[in-house]
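Below are my notes on this model, as numbered points.

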Amino acid sequence: MATPPIRYSDAVEILRQTIAAIHSGTATPPEIVPLASAAGRILAQPIRADRDQPPFPRSTRDGFACRAAEANTHSFLRLAARLRAGEDPAAIGSGQVGSGEVWEIMTGAPAPSCADAVFMVEHAEFSSNPESAPIHQEIYASDTEFVRLTALRTIVSGENIVPAGSEARAGDLIVPAGTGLAAAHIALAAQCGYPQLAVYPRPAVAILSTGDELVSVECTPGPSQIRNSNAPMLAALVAAAGCKPLILPAVPDELAPLASAIRSALNADLLLITGGISAGRFDLVDQVLASVGATFLFRGVAIQPGKPVAFGQIPRPDRPPMLFFALPGNPISSAVTFQLFAAPLLSALGGDANPQPRFAQAQLNSAWRGKPGLTRFLPAFCDFAQPTQVEIIPWQGSGDLAAFARSNCFAVIPDDAEEILDGTQIQILLTEA
């Protein structure tokens, strides 16, 4: 008799324990990659500030470095110097803003000594001689010698100046190991002088499709055949997860070819098998996995789609066991179970310190009714405008790739729900970065 499926929450706990064991094991030696190639990788060694950030009090506006108390008198102040980004204020004149003076300053330039604020050029008035010459708003007039803050404005000490060291101090940890590197981390590493970064190697993922009905993408299917859409779809998901997909030739529903294909994948970090795990006469994957000594951590989860999904490990001589997922053959089932289970595991194998499926909240824009007992992940489209709204997409079951292509998330229906009213906040599983 088949083992009943476990609850989704129990499968998540089994996966969590597996990920914890991965994190507590021996770390994979890192790779050194050029900074420009590090996006999407997992950082293996921390990034630290090589000096205070910013290294000087930095102006955040084009305007005038001043003494705030003097600027707030709205008196004309003498334009004593001009300071560009990259210039050293100590090398200009006295090196400081004197009483009754302002310095023109550019965004990103260091604030000169004795200046405690910067008022914006848009908030300034100018004159060549405040006693007799007309007042104007043209900063680049050749005869401008005096500047004042307009009467409708005031400024406080520290305004438009970022203090030195306020973002980070020299030696501070600014990006910890285990972080997935995005564009912001790349910029920060560049700012701190890292031309290269140590990252974890990309896990290799073998992808094995099964089924007598499958033909390759370039073939013309016969009357009862279909093209193999799962392999390229899973390869795309694996690559998006920062890993290396290894597509194996599809095999028919026969014991010997299945066993041979699984043995050929033993050098991978993870094996994904699609199809052949339901209860049909020719669903042989469970039987073949058992024949190669596989241990199952779970077999079947009370979700829709994806209920037959299995997770376990296959022994390897002189190496730790290889983890595997056996995913249902219908493509949406494969995609859902990949996002829920395989993607977090791959993140952990790749060194991610906090691997999790990506969930968010959205407002359901039409009521849902159904039977309880399964946690459902239904193709949906989320409009991320305010308020965030999600619409469940009509579909013809887990083989409906057209409906899948119209979705950008999955609406999550709890296993005890029989009805969810229009306007209810629900959880959604995000599928796009």
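1. The second largest pocket has a volume of about 730 Å³. Its lining comprises 27 residues, and Ile 22, Thr 26, Thr 28, Ala 348 and Leu 349 are the closest to the centre. A pocket here is an open set of points on a 1 Å grid over the protein atoms alone, where a 1.4 Å probe fits, with protein on both sides within 12 Å along at least five of seven lines; lining residues have an atom within 4 Å of a point. The volume is the space filled by probe spheres set on the points.

2. This is a predicted model: local features need pLDDT of at least 70, side-chain atom pairs pLDDT 80 or more, while totals for chains, interfaces and linings use all residues. Residues are numbered from 1 along each chain, and side-chain values use heavy atoms, without hydrogens or water.

3. β21 gives the most to the lining of the second largest pocket, five residues. α1 (8-24), β20 (310-316) and α7 are also among the elements that each supply at least two. Helices (H or I, at least four residues) and strands (E, at least two) are DSSP runs.

4. Gly 242, which follows α4, has a positive phi, near 85 degrees.

5. The structure holds zero disulfides (cysteine sulfur pairs within 2.5 Å). The sulfur nearest to that of Cys 66 belongs to Cys 114, 12 Å away. Cys 66 is buried, at 0% relative accessible area.

Terms used:
Buried < 20%, exposed > 50% of the residue type's maximum accessible area, 1.4 Å probe, protein only.
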